[in-house]
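Here is a friendly walk through one structure, meant to be read with the model open beside you. Take a look, and then we can go through it part by part.

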Amino acid sequence: MFTIQIRKNIGTMLVGIFIVLTVKAEDGHSLWLRRETPKPVKVVCSNKSAILDQAVKALRAGWQGESGAMIRLRVEKDKAIKDDGFKLSPSEIQANTAAGILYGVYELLRRQQTGQVPENAVVNPSYQRRILNHWDNLDGSVERGYAGASIFWRGEEALSVTAEDRKRWEEYAEANASIGINGSVLNNVNASPKILSRNVLEKVKVIADVLRPYGIKTYLSVNFASPTILGGLKTSDPINTEVINWWKAKVKEIYALVPDFGGFLVKANSEGQSGPQDFGRTHVDGANMMADVLNPYGGIVMWRAFVYSPTDNDRAKQAYDEFMPFDGKFRDNVIVQVKNGPIDFQPREPFSPLFGAMKKTAIMPELQITQEYLGHAYQLVFLSTMWEECLKSDTYQEGPGSTVAKCTDGRIFDQKHTAIAGVANTGLDTNWCGHQFAQANWYAFGRLAWNDELSSEQIADEWLKLTFKNAEGTNSQTDWDSDFLQPVKQMMMESHDAAVDYSMPLGLHHIFAPHAHYGPGPWWAPEKMRADWTPPYYHQADTIGIGFDRTQNGSDAVGQYHEPLASQFNDVDKCPEIYLLWFHHLPWDYQTKSGRILWDELCYRYDKGVRQVRAFQKVWDKVQHDVDEQRFKEVQSKLRRQARDAQVWKDACLLYFQQFSRRPIPSELERPVYDLEFLQSADPLSLYK
Ligand code: GCW
């Protein structure tokens with residue numbers, strides 16, 4: 001009887017162990033770092049440091065190469081290796097820096113996991129600084145965040161750090177390191193001056209200490225009026241000696257806590273934020289003052305060019321008009337941070353004309369990973385194709401081939417620092433990003449920041465393999481490539497164009513319902529509202545036509561582009577159709593490339609976008625057997641909502657614009673299902689849940 005009891009217990013234990021081993025939850029928390037059981041590997045490392053320890057640990061935890069193989073990690077300078085790049089061979093990773101070794105390790109593991117043949121290679125980063133900008137507020141909220149509260153902050157009064165915080169920051173840091181991200185700005189560009197108060201800085205130090213072993217530098221966004229608001233000075237005038245001394249003391253205090261602190265990110269004289277202009281000074285005065293203060297410590301200033309004011313000047317022209325006269329006047333540790341497009345992270349914009357035009361100023365592109373204008377965490381939109389489109393756009397500034405990438409990554413202009421920023425989409429949600437597929441955008445940002453020539457297709461391919469291959473509870477691996485990888489990759493590749501089509505096709509932009517920037521609001525124009533904060537300013541629809549005239553006869557925004565682009569954008573026959581209504585106001589019966597008149601083409605595009613999302617639903621349902629249950633259901637449910645909301649976009653825009661075009665929706669297309677009155681009175685965020 002005794003033996004029987006023991007047997008029973010062992011039986012129960014075995015069942016228990018079995019369950020623990022097999023049901024590791026696929027909730028998305030492990031991101032693209034889901035791990036197979038590693039094979040043994042011998043690691044020989046030339047030096048010792050916190051970052052190298054991390055590299056060794058990662059290699060052991062993820063090794064999928066030959067069992068018992070030996071890998072040497074060697075920090076030794078080599079001319080072919082740039083910055084924190086590395087040299088890979090089957091048995092060795094060499095780098096100039098410890099961080100380079102860490103990136104080499106992750107590259108090797110990625111190649112193993114995605115089935116790439118490990119080849120000898122020197123792999124160098126495109127940008128030196130590859131930075132996430134967190135729009136996280138000290139109270140724990142995240143501006144334009146859709147994945148839960150801040151991973152860094154939960155109130156000025158709650159600055160304690162728990163073991164759980166540390167664990168999450170470590171996971172966050174490892175995820176970043178694995179894709180080459182090496183900087184984090186910990187707080188919102190709409191910066192609370194309190195970020196620089198002593199007790200908050202002490203927490204910054206703790207965070208920086210956690211991120212450092214993963215090669216990540218810490219940066220802060222600062223409020224230009226801090227000397228007044230925090231320091232009690234009468235002014236924050238950048239040429240005032242007391243103000244300069246205040247910044248000097250503050251920067252000294254920061255470096256005492258965080259010796260490798262990266263520098264400041266500044267949103268000045270933009271959307272109500274204080275800046276040097278409040279004191280009769282210029283962006284140059286403000287940025288250079290901070291740059292001089294940071295310089296002795298090796299810190300940099302990232303000064304944003306996102307500026308526009310309620311003038312008659314076309315909003316799309318303002319950043320260029322304001323910043324071009326300053327070219328060559330900034331210190332060499334100032335980098336001007338420029339959003340990808342001239343307006344504001346719209347679903348599709350032409351590249352900002354500042355890229356390549358400021359030839360004596362370091363410029364860094366700012367991309368938005370969080371999907372403020374592209375469906376929040378409700379919609380599956382792979383942003384890599386949009387960023388690739390921007391980075392590969394030819395500015396012609398230094399002859400053909402002067403792409404945005406080349407103009408900013410140091411290949412064309414000799415600049416001391418190169419950098420790229422992405423506005424993060426992380427939060428406390430278990431899966432970090434709200435939507436399982438939004439993780440792909442974080443991943444893609446890191447990969448493009450590392451290599452701005454990578455194709456989105458390769459990025460999607462890698463991400464899908466790392467994120468979904470051998471998903472828990474699935475076993476149909478035989479045709480995984482053709483059954484899962486190919487169709488899902490294609491869906492990702494088409495998803496941005498689809499979102500543009502069902503929301504703002506043919507160059508339309510900023511026709512959102514206000515504030516939330518989620519649903520349609522082309523009609524929204526309250527009296528006394530600043531015109532450039534209302535959609536009619538951007539679409540300009542009337543009974544004659546639609547679109548913003550930015551030609552030479554209009555606002556002449558085309559004139560900010562280098563030839564041949566200026567002429568190309570100016571000429572309606574040559575303007576790429578994706579930017580048609582961005583640059584032109586055209587009659588409803590204008591003949592588009594398809595042979596259809598503009599109104600009909602608009603109807604077709606909206607309809608196409610909606611149909612594509614319906615097709616995405618089918619693609620996803622078909623791969624059910626290749627995805628674990630939780631992630632399958634989550635994505636399935638979000639795609640349903642995306643399909644409903646795409647329909648709302650189509651109906652709202654077509655029925656609204658139809659009042660001007662006075663033409664029928666082509667009879668072969670699906671009819672609207674919502675009434676315009678209903679959509680106009682609805683709250684776009686709560687309506688379609
Ligand atoms: O995209 C707009 C957002 C603001 C944001 C601003 C900016 C942080 O609507 O929420 O503020 O741009 O980039 O500064």
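## Around the ligand

A polar side-chain atom of Lys 267 sits 2.6 Å from an oxygen atom of the ligand. Glu 372 also has a polar side-chain atom 2.6 Å from a ligand oxygen, and for Asn 190 an N or O atom of the side chain is 3.3 Å from an oxygen of the ligand. A polar contact here is a pair of N or O atoms within 3.5 Å; within protein, one must be able to donate a hydrogen and the other to accept it, and residues adjacent in sequence count only if both atoms are side-chain atoms. How much of the ligand's accessible area does the protein cover? The protein covers 97% of the 340 Å² that the ligand has on its own (Shrake-Rupley method, 1.4 Å probe; for residues, only the protein chains shown count as cover).

In total, 15 residues surround the ligand, each with a heavy atom within 4 Å of it. The closest are Glu 143, Lys 267, Arg 304, Lys 339 and Glu 372.

## How to read the model

This is a predicted model, where local features need pLDDT of at least 70 and side-chain atom pairs count only at pLDDT 80 or more, while totals for chains, interfaces and linings use all residues. Residues are numbered from 1 along each chain as its sequence is written, and side-chain values use heavy atoms, with hydrogens and water left out.

Helices (H or I, at least four residues) and strands (E, at least two) are DSSP runs, numbered from the N terminus. In a regular strand the side chains alternate between the two faces of the sheet. In E10, Ile 300, Met 302 and Arg 304 point one way, and Val 301 and Trp 303 the other.

Strand E9 (residues 263-266) runs parallel to E10 and is joined to it by 4 bridges; strands count as paired if DSSP finds at least two bridges between them. Leu 265 has Met 302 as its bridge partner in E10. From E9 the chain crosses through helix H8 (residues 283-294) to E10 in a right-handed β-α-β crossover: with the strands pointing away from the viewer, the path from the first strand over the helix to the second runs clockwise. E10 is also joined by 4 bridges to the parallel strand E11 (residues 334-339), where Val 334 is the bridge partner of Val 301. E10, helix H9 (residues 315-323) and E11 form a right-handed β-α-β unit.

## Strands E1 and E2

Strands E1 (residues 41-45) and E2 (residues 69-75) pair in the parallel sense over 5 bridges.

## Helix H12

Helix H12 is mostly covered, with 12 of its 12 residues buried; among them are Trp 442, Arg 447 and Trp 450.

A cis peptide bond, with omega about 5°, joins Glu 563 and Pro 564. Leu 506 has a positive phi near 60° and, at 3% relative accessibility, counts as buried. Asp 556 also has a phi near 60°, but is partly exposed at 29%.

Notes: Buried < 20%, exposed > 50% of the residue type's maximum accessible area, 1.4 Å probe, protein only.
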